[in-house]
Amino acid sequence: MTLQTPCTRLSRRAFSSMLISTSSRLKSASLPSSWEFPRHHRSMATVVPPVTQSSTSRNGPTAMVFMNMGGPQTVNEVGPFLSRLFADADLIPLGRLQNYLGPLISRRRTPKIQNQYAAIGGGSPIRKWSEYQSAEMCKILDERCPESAPHKPYVAFRYADPLTEEMYQQLLDDGFGKQGRAVAFTQYPQYSCSTTGSSLNELWKWRIRLEGKEPENGGVRWSVIDRWPVHPGLIEAFAQNIEAQLATYPSEVRKDVVLLFSAHSLPMSVVNRGDTYPAEVAATVHAVMTRLNFSNPYRLCWQSQVGPSAWLGAQTSDTVMAYVRKGHTDLVLIPIAFTSDHIETLFELDQEVIHEAKQEGGTGVKRAESLNGSPTFIGALADVAERHLRSGEGCSRQMGIRCQGCKSERCLEQKRFFMNTERSVEEVIR
């Protein structure tokens, strides 16, 4: 396999061959049983050694920054987490009353959400998995891409520790403002202004605040992996987890099990503005079903609607109950827009949707395992990163065009900044 081969043309056989060495190295790479949620932290997620370069590093060192929403590590962190979340108009647009409604909604929801986190062990596993995935990916990159080594893992969360500000300050403390480069690697495979866009807006904001518009030493040299919805390794990892769950059904009913792909919903105001997320999620689903040879009936549905406004549907919970009541009692839920477990899988799907379905007679309703520590998935992360590092591009060309109805000047300036870091596109399309 060469890096010039487009991802969409890479065959399952070719990608599987590429993953042999990765899988063998990661076969026993499950998380230590002693790895627990930290009870208190304000420092970076990953302890990073001082920046150094080897004799083969022509373009290194390289900071690989995993960007995600994050989640509270303890029940006591739920309140601040929700406050940041509902204050973000990119994620949950509440109009001119955002500053009033955001805090009101977060305060009212805090007790309920605290109970949910208590039910899954007291905190979100997103940080744990993000640190693990990024560290394992960097080990692979050090072997495959010595010219940009060493690759240093960082994690930046939009709404939880370590916040983007903390991560950025750590990058500067580690010397990346003077040498090396940094890659913002979104852990939302499908792009949305509410997720990747919001995270990049935050990153751009702290770049300006901490480095200024024209840093003395040139500043951190940024590039962005802004979407990867149909990467063959991502598709293979999803397909393997689905096949593993389908194997638990009796052979005589296996082909009739309904596959329900579930992704986090979006407000229709965001969708109607032109957000690409619904199309990119659908592309992932279609790629997975192509890999599975369309072996089963399937549907795409949406979860986690918040508030009374219109959101993208049909809702996952409604879909499951509708099929169970129609006699389709064998269903597999697949979290298709997440790269690890979180409150939406461990509580919303496992403890609410599946529990309610079984009360209605849906004894065959199950969930496919999340990507978490999958060697195939970690190999895919490394492949996505390797292709990006060797491409010389600052971001995808798709990032250069804004949503049709976008009026955000912050979005415009953020796109201009990240696209001009490597001059991959002349100008952001207004």
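**Helix packing, a buried strand and a buried threonine**

Helix H10 (residues 316-325) packs against helix H11 (residues 343-359) at an angle of about 25°, and their axes are 9 Å apart. H10 is therefore roughly parallel to H11, a term for angles under 35 degrees. This is a predicted model, in which local features need pLDDT of at least 70, side-chain atom pairs count only at pLDDT 80 or more, and totals for chains, interfaces and linings use all residues. Residues are numbered from 1 along each chain as its sequence is written, and side-chain values use heavy atoms, with hydrogens and water left out.

**Helix pairs**

- Axes are lines fitted to C-alpha atoms, for helices over the stretch in contact, and angles run from 0 to 180 degrees between N-to-C directions.
- Helices (H or I, at least four residues) and strands (E, at least two) are DSSP runs, numbered from the N terminus.
- From H10, Thr316, Ser317, Val320, Met321 and Val324 make the contact (heavy atoms within 4.5 Å) with Leu349, Val353, Glu356 and Ala357 of H11.
- Helix H7 (residues 232-246) and helix H12 (residues 375-391) pack at about 170°, with axes 8 Å apart.
- H7 and H12 are therefore roughly antiparallel, the term for angles over 145 degrees.
- On the H7 side, Gly233, Leu234, Glu236, Ala237 and Gln240 meet Thr376, Phe377 and Ala380 of H12.

- Strand S2 (151-157) has seven of its seven residues buried, where buried means under 20% relative accessible area with a 1.4 Å probe, protein chains only.
- In a regular strand the side chains alternate between the two faces of the sheet.
- In S2, His151, Pro153, Val155 and Phe157 point one way, while Lys152, Tyr154 and Ala156 point the other way.
- S1 and S2 run parallel and are joined by seven bridges; two strands pair if DSSP finds at least two bridges between them.
- Opposite histidine 151 of S2 stands threonine 62.

**Helix H5 and its cover**

- Helix H5 (residues 164-173) has Thr164, Glu166, Met167, Tyr168 and Leu171 as its buried residues.
- Their cover includes strands S1 (62-68), S2, S3 (181-186) and S4 (221-225), along with helix H6.
- Just after H5, glycine 175 has a positive phi of about 95°.

**Threonine 196**

- Threonine 196 lies in helix H6 (residues 193-211).
- Threonine 196 counts as buried because its relative accessibility is 1%.
- Apart from neighbours within four places in sequence, threonine 196 contacts Thr186, Tyr188, Tyr191 and Asp226.

Methods
Parallel < 35°, antiparallel > 145°, perpendicular 65-115°, else oblique. Buried < 20%, exposed > 50% of the residue type's maximum accessible area, 1.4 Å probe, protein only.
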